[in-house]
Every structure is written in structure tokens, then in C-alpha cells.
Amino acid sequence: GAYGISRDFIMIVCPNVVDFQNRAAFAQEPGSISWYRSEYASVPAVQMHEVAHNLGHAHSRKGGGTYGDPTCNLGNQGDWTDEGTNFCFNAAKTWANQWYSTYHATVDPSVAGYDGTLVGINAVMKNTIKTGQDVVLKISSSGQTDLYIIFNRKAGANDEVPEFGDEVVITEQAEETRSVSSWKGSLSSGEVYTQDDWGTSGTLTVKLCSLENGSPWSARVLVYATGQRTLNCDDDNTTPDDPLPLCQDGAKKFTLNGKRKNCKFVSVRKVNRCSKTEAAAYCPA
């Protein structure tokens, strides 16, 4: 770097007389350089927005227009003061950043369902996240625009998120980077999001079964397509309805995080759960 200084991004502050074409700033997308009118150079909302462009992100909208997603710094909804607003990025941008990739999960509802637990990003930062919990869920099926789900926990670096704090938020984005995202919905406990015509698999359904205010706070979420299967918040996934042909032994149980689990539990999300030592012997053959 210049004069031996290591750097990742360069911020260039310009006099207010420079013509920014009615913008506060602009940035390379992707890249490492951003430019600011001096009156906005100290505003964290502007800085975060432009550096996010450097990371390869396009804007985040809600409804029509270019902006509007209040859960993401690409939505231009933060406080434009030097104090700023403490919040981060929506599910699609968070997935693309790969900061929490260890806790990413993917489901294709045309093939399988998801019955899992989401926690906020602060659980990773505080190291309170537990085995089997996820931070971002990607819903991806052939011929459909990808959806991303996050538990928008209002805590830590996200404790001033403008809207939909402590709710499960669903975002649509066609490509992981350089693609505008769209806010699709948010769920409180017991609420359901549906999307018709999920290919040939019927109606896509996302249910928020419950919120638990433990350490960390968590959200139990179900995802399925009605033409493929139906999941129920009342289901006890520790006991199979009948033996599952993909499992080595549907009757045997093992203990995971202090709870009795079995082959059905493993098969719902075998990629993540088979990696657990306690579950390995019960994984699909």
C-alpha cells in the first residue's frame, strides 16, 4: 500500500462542488475504491453502502423502485447522521459475503424439506451458536429465483435495524453478486409465507413455528413445497412415522445436544447433520 500502509479499500473524499449527479457517493462494483461528497463522507450509512458495492453487491429494494429494504445497508434506510444506525445486510447479501459460511444451509423444496433452527449473526460473534443451528438458509430449485432466509435478530451489530427486528425475513435475489435483491416478506411466530407455482412442486411454504429467547435467541423454521411433502410445526422429529429407506436404522436413537434424535432427524438435512460425530452412524447409506 501507499507508504507501506496495508489497505483493503480506498475512500476518496471530494469537495461538495464536484458534480455527483445528485448522489452522495459512488463506488466500483466490485472493486476497492469509493468516492464521496465531503458532506456525506463521515456518514456510516453512506460508507457501508459504498463499501458493499465494492464487495460486489447491488441494491436492496422493497416493493417498487431501487431501494427500500429496511433490513439491509443497500436499501438506504439507515440514519444519515454521523452517529449512524447499527444494522447489517439482508439474507442474500449476507450469504454472498461468506462471513458465516460455516453456518449456511441450502434446501431444494422440489426434492426435500427443511426443518431447522436459525439464529442471528450475533450468535456467531458471541460464540453462542449451537451445533446444528444455521445463520442463512438458501432456497434453490431449478427454474426458480433463489430465496434467502435469515433470523433478523435485533442485537449486537444489528441492534438498531430499522424494521423487522427479531423476525424471520425472506429475500429474493437472482445471482449471488451484482444482482438487486427484493424483500419478499417477514414472519413473526406462527406466521406463514407462501409462493405459488414453485415449478412442478406446488406451493412453496415457509413457516416460522416459534421463537425461543434463550442463549442464543433462535427461530424454528419449516420450508417445503406442497407437491413434494408437508411439514408441520407439531411434528416430533425425534420419532419417525415409519422406517425411512435411506436410513441405516430408523428405530435407533442417539443423543445430540441433550436431546434424543433418530434417522428421520438426520435425513431431513443429511449434509450438515451427518458431519456430527453423534449422528454419523445413522446417516443415509
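**Strand pairing, sheet order and cysteines in a predicted model**

In strand β3, Ile33 is the bridge partner of Ile10. The structure is a predicted model, in which local features need pLDDT of at least 70 and side-chain atom pairs count only at pLDDT 80 or more, while totals for chains, interfaces and linings use all residues. Residues are numbered from 1 along each chain as its sequence is written, and side-chain values use heavy atoms, with hydrogens and water left out.

Strands (E, at least two residues) and helices (H or I, at least four) are DSSP runs numbered from the N terminus, and two strands are taken to pair if DSSP finds at least two bridges between them. Strands of a sheet pair through backbone hydrogen bonds, either parallel or antiparallel. Strand β3 (residues 33–37) runs parallel to β1, to which five bridges join it. An open sheet of three strands, with mixed pairing, has the order β1-β3-β2. The edges are formed by β1 (10–14) and β2 (25–27), each of which has a single partner strand, so one side of each is left without a neighbour in the sheet. From one strand to the next, the twist averages 15 degrees. Helix α1 (residues 44–54) packs on this sheet and touches β1, β2 and β3, and the direction of the helix makes about 150 degrees with that of β3. Contact here means heavy atoms within 4.5 Å; axes are lines fitted to C-alpha atoms, for helices over the stretch in contact, and angles run from 0 to 180 degrees between N-to-C directions.

An open sheet of five strands has the order β7-β6-β14-β13-β12, again with mixed pairing. Strands β7 and β12 (192–195) stand at its edges with a single partner strand each, so one side of each lacks a neighbour in the sheet. Strand β6 pairs with β7 (residues 133–134) in the parallel sense over two bridges, and with β14 (residues 217–225) in the antiparallel sense over five bridges. Leu118 stands opposite Asp134 in β7 and opposite Ala219 in β14. Accessibility was classed as buried (under 20% relative accessible area), exposed (over 50%) or partly exposed (in between), using a 1.4 Å probe and protein chains only. Four of the five residues of β6 (residues 114–118) are buried, so this strand is largely enclosed by the rest of the structure. Next in the sheet order, β14 pairs with β13 (residues 204–213) in the antiparallel sense over nine bridges. Within this pairing, Arg220 of β14 is the bridge partner of Ser210.

One disulfide (a pair of cysteine sulfur atoms within 2.5 Å) is found in a search of the whole structure. The bond joins Cys209 to Cys233, with an S to S distance of 2.1 Å. The link of Cys209 and Cys233 is left-handed, with -85 degrees about the S-S bond. Cys209 lies in strand β13 and Cys233 in the loop between β14 and β15 (253–256), so the pair ties together parts that are 24 residues apart in sequence. Cys209 is buried at 14% relative accessibility, whereas Cys233 is partly exposed, with a relative accessible area of 26%.

Two further cysteines were examined for burial. Cys14 is buried at 14% relative accessibility. Cys72 is also buried, with a relative accessible area of 0%. The closest cysteine sulfur to that of Cys72 is in Cys88, at 9.4 Å, which is too far for a bond.
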